[in-house]
Amino acid sequence: MSGLDSPGNGLNPTVPPVESGRKSQTRRVFGVLIRIDSVTKRYPDGTVAVDRLSLDIPDGSITVLVGPSGCGKTTTLRMINRMVEPSEGTILIDGVDSRQQPVNTLRRSMGYVIQNAGLFQHRTVVDNIATVPRMLGWSKDKSRARARELMERVGLDASFAKRYPYQLSGGQQQRVGVARALAADPPVLLMDEPFSAVDPVVRKGLQDELLRIQEELGKTIVFVTHDIDEAVKLGTMVAVLRTGGRLAQFAPPAELLSDPADEFVEDFLGADRGIRRLSFFSSAGLELLTAPIVAIDATAEQLAARGATEAPYLLVTGLDGRPLGWSEPGGLTAGQIDAGQLLPYGRPFTAGQDSLRAALDCAVLSPTGWAVAVDAEGRAAGVVSQAAIGEAIRGAHAHAHAAGPEAAQKATTR
Ligand SMILES: Nc1ncnc2c1ncn2[C@@H]1O[C@H](COP(=O)(O)OP(=O)(O)OP(=O)(O)O)[C@@H](O)[C@H]1O
Ligand SMILES: [Mg+2]
């Protein structure tokens with residue numbers, strides 16, 4: 001943690017650590033940074049937006065609040081930085097009651113990002129990002145230098161520095177919003193549906209970028225969304241809230257998918273939770289066959305030998321080893337293989353790195369029912385049938401069941 005100019009910003013050793021599943025292969029142990037303890041918010045008109053909510057938000061990871069519209073996500077987020085005051089209960093930041101801190105100090109320790117970025121329209125990109133450093137009394141030059149550094153970190157070209165927000169796309173504005181929130185290096189980021197307004201492709205890019213930034217900077221992020229896929233992709237821990245501001249389940253995403261607490265959570269996860277869960281199983285255990293792979297310049301002898309494999313199709317690769325397409329063994333003549341005549345192979349998966357979900361997707365998309373695995377350079381590493389992937393899935397389920405739900409680690413973001 002850095003940049004928090006208040007007492008009590010070291011981890012409080014009296015707070016017990018919580019364990020959590022994580023995307024990387026190693027499990028990490030987190031401390032609790034934000035403890036929401038039996039908090040209720042009753043608005044003046046009597047609406048109970050949040051009802052006796054308790055959550056331990058771990059340090060240095062992403063906690064996602066997800067749930068249907070009106071279930072109290074924004075209210076919860078705003079209670080963390082006291083834009084909204086709880087009616088009952090307490091919120092501890094690093095073991096200290098948030099009410100004991102001056103509200104300005106508290107807010108400076110928490111960057112805030114909202115949908116559509118909420119940028120100052122009359123300020124340039126660089127000055128938007130420099131807002132908080134300027135407020136903290138940094139010089140103009142130092143603030144702008146910091147802003148330019150952050151532009152690079154969030155993937156914005158330096159040429160955008162002098163533009164105004166209206167001269168940027170929605171995705172670029174959102175990046176500026178993230179950079180602005182990071183400017184004073186706060187230990188905590190609060191993000192309220194930051195990527196909801198951008199199209200799916202840009203959104204995926206922003207999500208990947210956020211994961212990278214989190215990994216690099218180790219921020220504690222509380223992220224609100226009503227998109228369960230986004231929650232599963234980003235969250236180390238996911239809190240599912242139901243209408244009335246009550247907690248339905250708080251668990252790592254793999255556990256939500258394998259063991260939803262009740263029908264509400266199950267319905268919220270949607271019909272394809274089984275498929276989604278496969279993204280937590282690595283493709284590393286798949287047995288890849290290399291015998292059905294032939295190069296486009298294969299000799300007649302090589303083709304004859306390959307034709308005797310158990311696979312009904314051969315995968316033809318270019319001279320660089322990259323897959324070109326499938327053919328029935330009898331359809332290939334040495335010296336006359338026409339890449340244009342081959343059946344498409346769909347989308348390959350990266351062996352070991354991608355998940356079983358990605359491998360299954362490749363097999364389903366492939367007209368032969370066989371998936372193509374490639375190495376990091378895109379060269380064919382082997383092929384695997386739908387049936388073999390099905391067997392690996394059954395094996396992974398049995399293993400996860402024996403080891404408990406938290407054993408499943410997200411293999412990849414695909
Ligand atoms: N200032 C307010 N006064 C009265 N009721 C409010 C106020 N702000 C929010 N609410 C109500 O509190 C409940 C929770 O609102 P909140 O904005 O926290 O929900 P949300 O989960 O963020 O919803 P959405 O997904 O639509 O953004 C809703 O019923 C809402 O109408
Ligand atoms: Mg909201």
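# Domains, ligand shell and strand pairing in a predicted model

The protein chain of this predicted model splits into domain 1 (18–109 + 186–279) and domain 2 (284–395).

User: How far apart do the C-alpha centres of domain 1 and domain 2 lie?
Analyst: Domain 1 takes in two stretches, 18–109 and 186–279, and domain 2 covers 284–395. Between the C-alpha centres of the two domains the separation is 41 Å.

User: Which helix gives the most to the shell around ligand 1?
Analyst: The shell around ligand 1 includes Y43, D45, T47, A49 and H226. It also includes S69, G70, C71, G72, K73, T74 and T75. The top contributor gives three residues and spans residues 73–80: helix 1.

User: How many residues of the shell around ligand 1 are polar?
Analyst: Three residues of the shell are nonpolar and two are charged. The polar residues in the shell number seven.

User: What is the bridge partner of I93 in strand 7?
Analyst: Strand 6 (residues 88–93) pairs with strand 7 in the antiparallel sense, over two bridges. In strand 7, I93 has as its partner V96.

User: What does the twist average from one strand to the next in the open sheet 13-14-15?
Analyst: Three strands make up this open sheet, and their pairing is mixed. Its edge strands are strand 13 (293–295) and strand 15 (323–327). From one strand to the next, the twist averages 30°.

User: How many of the 10 residues of helix 13 are buried?
Analyst: The buried residues of helix 13 are L356, R357, A358, A359, L360, D361, C362 and A363. Their cover includes helix 11 (273–277), strand 16 (349–350), strand 17 (370–374), strand 18 (380–385) and helix 14 (386–403). Helix 13 (residues 356–365) is largely enclosed by the rest of the structure because its buried residues number eight.

User: What separates the C-alpha atoms of E391 and L286?
Analyst: E391 lies in helix 14. E391 has 13 C-beta neighbours inside 10 Å, so it counts as partly exposed. L286 is 105 residues away along the chain, yet the C-alpha separation is 9.2 Å.

User: Is S38 buried or exposed?
Analyst: S38 lies in strand 3 (residues 32–42). S38 is not a glycine, but has a positive phi of about 50°. There are 12 other C-beta atoms within 10 Å, and the cut-off for this class is 12 or fewer, so S38 is exposed.

User: Where is the place of D185, and what is its phi?
Analyst: Most residues other than glycine have a negative phi. D185 sits in the loop between helix 6 (170–182) and strand 9. D185 is partly exposed, with 17 other C-beta atoms within 10 Å. Although D185 is not a glycine, its phi is positive, at about 55°.

Key. Residues numbered from 1 in each chain as written. Chains lettered and ligands numbered in written order. Predicted model: local features only at pLDDT ≥ 70, side-chain atom pairs only at ≥ 80, totals over all residues. Near = placed C-beta within 6 Å. Helix = DSSP H or I, 4+ residues; strand = E, 2+ residues; numbered from the N terminus. Nonpolar A, V, L, I, M, F, W, Y, C, P; charged D, E, K, R; others polar. Pairing = 2+ DSSP bridges. Axes fitted to C-alpha atoms, helices over the stretch in contact; angles between N-to-C directions. Domains from an automatic or database assignment. Buried ≥ 20, exposed ≤ 12 C-beta atoms within 10 Å, placed from the backbone. Contact = placed C-beta atoms within 7 Å.
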